[in-house]
Amino acid sequence: EKSDELTADKDASSKMHDSGFVLPRLFVLVVDDAMTNRKLCMRLLERSGHRCEGACDGKEAVEMVQKSIDNGRPYDCILLDYEMPNMNGPQACEKMRAMGCSSHIAGVTGNLMSEDVDHFRNCGANWVFPKPFRLEAVEEQWIEDG
């Protein structure tokens, strides 16, 4: 059984960062087959002012991304777990990119072997974070990439 794989920084609710940059509110899709992880991540993001939706696997995520593109309201960022039933993270990432999804995609994996990280990135992920990951690390990456 998976444990809570996301840790919160004590200042996670602050939107002002050391650089003086205020992070805008983002529309984020959180994809994880572990409901506890998905809900915790969404709650932390929402506390920081972001709007979130969740998907339980890659197949559902691909469908949600297509709907968001069709509605003209694409996600700003997609947090995508690696290992999931029905469709894993890299496969979902590849399909999203093939559909024209230009959202920032952050792969999340408990296995940071270089070939897994490279595979996720080759499938279209902008970044790959280890589990557990810190919300602050994700927000810093958003700031760095604009």
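**Notebook: contacts, sheet and cysteines**

I began with a charge and a ring: the charged end of R51 sits over the ring of F27, 3.8 Å from its centre. A charge counts as over a ring if NZ of Lys or CZ of Arg is within 6 Å of the ring centre and within 35 degrees of the ring normal.

I noted that this is a predicted model, in which local features need pLDDT of at least 70, side-chain atom pairs count only at pLDDT 80 or more, and totals for chains, interfaces and linings use all residues. Residues are numbered from 1 along each chain as its sequence is written, and side-chain values use heavy atoms, with hydrogens and water left out.

**Sheet**

I next looked up the strand order. An open sheet of 5 strands runs β3-β2-β4-β5-β6, with parallel pairing. Strands (E, at least two residues) and helices (H or I, at least four) are DSSP runs, numbered from the N terminus; two strands pair if DSSP finds at least two bridges between them. At the edges stand β3 (51-55) and β6 (127-130), each with a single partner strand, so one side of each has no neighbour in the sheet. The twist averages 20 degrees from one strand to the next. Angles run from 0 to 180 degrees between N-to-C directions, and axes are lines fitted to C-alpha atoms, for helices over the stretch in contact.

I then followed β5 (residues 104-109), which 4 bridges join to β6 in parallel. V108 has F129 in β6 as its bridge partner.

Helix α5 (residues 135-145) packs on the sheet and touches β2, β4, β5 and β6, where contact means heavy atoms within 4.5 Å. The direction of α5 makes about 160 degrees with that of β6. Helix α2 (residues 58-70) lies across β2 (27-31), β3 and β4 (77-81), at about 135 degrees to β3.

**Aromatic pairs**

I found a count of 3 aromatic pairs (ring centres of Phe, Tyr and Trp, its six-membered ring, within 6.5 Å; planes under 30 degrees apart are stacked, over 60 edge-to-face, the rest tilted). One of them, Y82 with F120, is edge-to-face, at 5.2 Å centre to centre and 85 degrees between the planes. Y82 lies in the loop between β4 and α3 (89-98) and F120 in helix α4 (residues 114-122), so the pair ties together parts 38 residues apart in sequence.

**Cysteines**

I looked for disulfides (cysteine sulfur atoms within 2.5 Å) and found 0. The sulfur of C52 is 6.9 Å from the closest cysteine sulfur, in C41, too far for a bond. For C123 the closest is in C93, at 6.4 Å, also too far for a bond.
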